[in-house]
Amino acid sequence: MKKVLSLALVLMMLLTSFAFAEDGYSGTITISLYAQTGVEEAWNAVAEAYEALNPGVDVVVDLKPEDSYA
């Protein structure tokens, strides 16, 4: 279930990047969420792909340990 949710989030981010690519946005996007260990590489890959499609955008991945959510 978590893999499906992660994949859906990645697809939404990529689709959004195509929708706004023509407008030439710039700035910083911070991805800040609670996550399991081992998913940081996936989020970094998403960030790099988004930055490649949008040169003026800087994506910061800020993941927090899932066990500290409580």
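**Entry 1: the core.** I looked up the largest nonpolar core in this predicted model. I found 9 residues in this core: M13, I31, W43, V46, A47, Y50, V57, V59 and V61. I then checked which elements give two or more residues to the core, and these are helix 2 (40-53) and strand 2 (57-65). Helix 2 gives the most, with 4 residues. A general point I jotted beside this: in soluble globular proteins, nonpolar side chains tend to be buried together.

Entry 2: Leaving out residues up to four places away in sequence, V46 touches V10 and M13.

**Entry 3: the overall layout.** Next I stepped back to the whole chain. I counted 2 helices and 2 strands, and they follow the pattern α-β-α-β along the sequence. The chain has 70 residues, and 17% of them count as buried. I also looked at contacts between residues at least 6 apart in sequence: 77% of these join residues at least 24 apart.

**Entry 4: the surface.** The chain exposes about 5,200 Å². I noted that carbon and sulfur atoms supply 61% of that area.

**Entry 5: the salt bridge.** How many salt bridges does the structure hold? I found 1. K64 forms a salt bridge with D62, and their closest N and O atoms are 2.6 Å apart.

Key. Residues are numbered from 1 along each chain as its sequence is written. This is a predicted model: local features need pLDDT of at least 70, side-chain atom pairs count only at pLDDT 80 or more; totals for chains, interfaces and linings use all residues. Side-chain values use heavy atoms; hydrogens and water are left out. Buried means under 20% relative accessible area, exposed over 50%, partly exposed in between (1.4 Å probe, protein chains only). Contact means heavy atoms within 4.5 Å. Accessible areas come from the Shrake-Rupley method with a 1.4 Å probe; for residues, only the protein chains shown count as cover. A nonpolar core is a set of buried Ala, Val, Leu, Ile, Met, Phe, Trp, Tyr and Cys residues joined through side-chain atoms within 4.5 Å. A salt bridge is a side-chain nitrogen of Lys or Arg within 4 Å of a carboxyl oxygen of Asp or Glu.
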